[in-house]
Amino acid sequence: MRNHRLYRCCHIDRGMRRALLMIEATTGKKARFIVSPEKMATVQKMATFSSRQSWWRIGCLAMFATGVVHGLQTPNNQFPKFPFPNFALPSLPAQNSRPPIGNKVLEDELLAAIAEQGRLNNSEQIKDLVEQLEETPSITRPAVAPQVMGRWRLLHTSNAETSSPIQRKAVDATKYQIYQDIELKGTTNTDDDDDDVLIVSQVVKFGDTSELRVDALASTAQYPLEELTARKSSGKLLGLNLLGVSLVGEEAQPDASRPDSRIDFVFDEGIFDFNGLKIPYPVPFRLPIFRDIVKGWIDITYLSDRVRISRGNKGTTFVLLKEEDEYVQ
């Protein structure tokens, strides 16, 4: 029987030790191998690919990839010389090293323009940058993309005259931060994903302990809500713009060239919270007479990891920035 001789190194990966035992059991000879400190780094890299089911495969691969001699003894009791193979593992990519989606240069220009001109300035420069980004490839199917979830801070709004008086008042108060939260909430105590409801919340922060939160039940292709049928009324009551004027009918149809870009919603509840003192929002959203006119939608026309541009059912354009830190409701 041919004599297989391998030299053993201390403190080697468990998979390599297991591979040695299998070689010994197969050949009936004591197996040993040696790996220089320089080559040990390659072994350790290879070990990162292994799982409990593939230890022995990775062990065998690591031994031969690091230049371990596996051959016959020569007459002078020396092993033949083998060149160390040029075997290099590709470096593992960092977890967050995937290329960004969107146009960061245009985003930076838009953010700088808004920072200089303010939340409500509808300058031609801001409009042009918004339109350029909307024509730029970004995250597809944005309404159901995981990147849309979380807290978004309002940076800019066109604040169209079709908005409700309360909405215009809140947005005009530029000293207050305004956020939009998009999240899933379970309706029961089970872990069934089918019970999750998509919620879109508008949050106006008056201070660290005071805010207005208006929650809306939302619907997408991924989380459909049967109640959210098409809105029928423009929203005027007795000719008055009390809750904002919405697009309806043909004007309200989603853009077929942007699939899954719309989030439909119906406002459901609003609360003023002043350091624990809670006051209901002065619109009874759940009354049947109001239910149709508190429906709405947002079309996401641009989405990246940090910037979102949306157009609402009342003709308003929104530019929002993703909040990176976790928030607490």
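A221 touches V144 and D260, leaving out residues up to four places away in sequence; contact means heavy atoms within 4.5 Å. This is a predicted model, where local features need pLDDT of at least 70, side-chain atom pairs count only at pLDDT 80 or more, and totals for chains, interfaces and linings use all residues. Residues are numbered from 1 along each chain as its sequence is written, and side-chain values use heavy atoms, with hydrogens and water left out.

**Loop residues**

- A221 is found in the loop between β4 and β5; strands (E, at least two residues) and helices (H or I, at least four) are DSSP runs, numbered from the N terminus.
- A221 is exposed, at 57% relative accessible area (buried is under 20%, exposed over 50%, partly exposed in between, with a 1.4 Å probe and protein chains only).
- I101 is found in the loop between α3 (55-65) and α4 (104-117).
- I101 is partly exposed, with a relative accessible area of 33%.
- Apart from neighbours within four places in sequence, I101 is in contact with S138, I139, S304 and D305.
- I101 and T140 are 39 residues apart along the chain, and their C-alpha atoms are separated by 9.9 Å.

**Aromatic pairs**

- Rings of Phe, Tyr and Trp (its six-membered ring) pair if their centres lie within 6.5 Å; planes under 30 degrees apart are stacked, over 60 edge-to-face, the rest tilted.
- By this rule there are 8 aromatic pairs.
- F206 and F274 have ring centres 6.1 Å apart and planes at 15 degrees, so this pair is stacked.
- The pair links distant parts of the chain: F206 is in the loop between β3 (196-205) and β4 (210-219), F274 in strand β5 (residues 262-274), 68 residues apart.
- Ring pairs join Y176, F206, F265, F267, F272, F274, Y281 and F285 into a cluster.

**Charges over rings**

- A charge sits over a ring if NZ of Lys or CZ of Arg is within 6 Å of the ring centre and within 35 degrees of the ring normal.
- R151 places its charged end over the ring of Y179, 4.6 Å from the centre.
- R262 lies over the face of W297, at 3.7 Å from the ring centre.

**Surface exposure of the stacked pair**

- F206 is partly exposed, at 31% relative accessibility.
- F274 is partly exposed too, with a relative accessible area of 35%.
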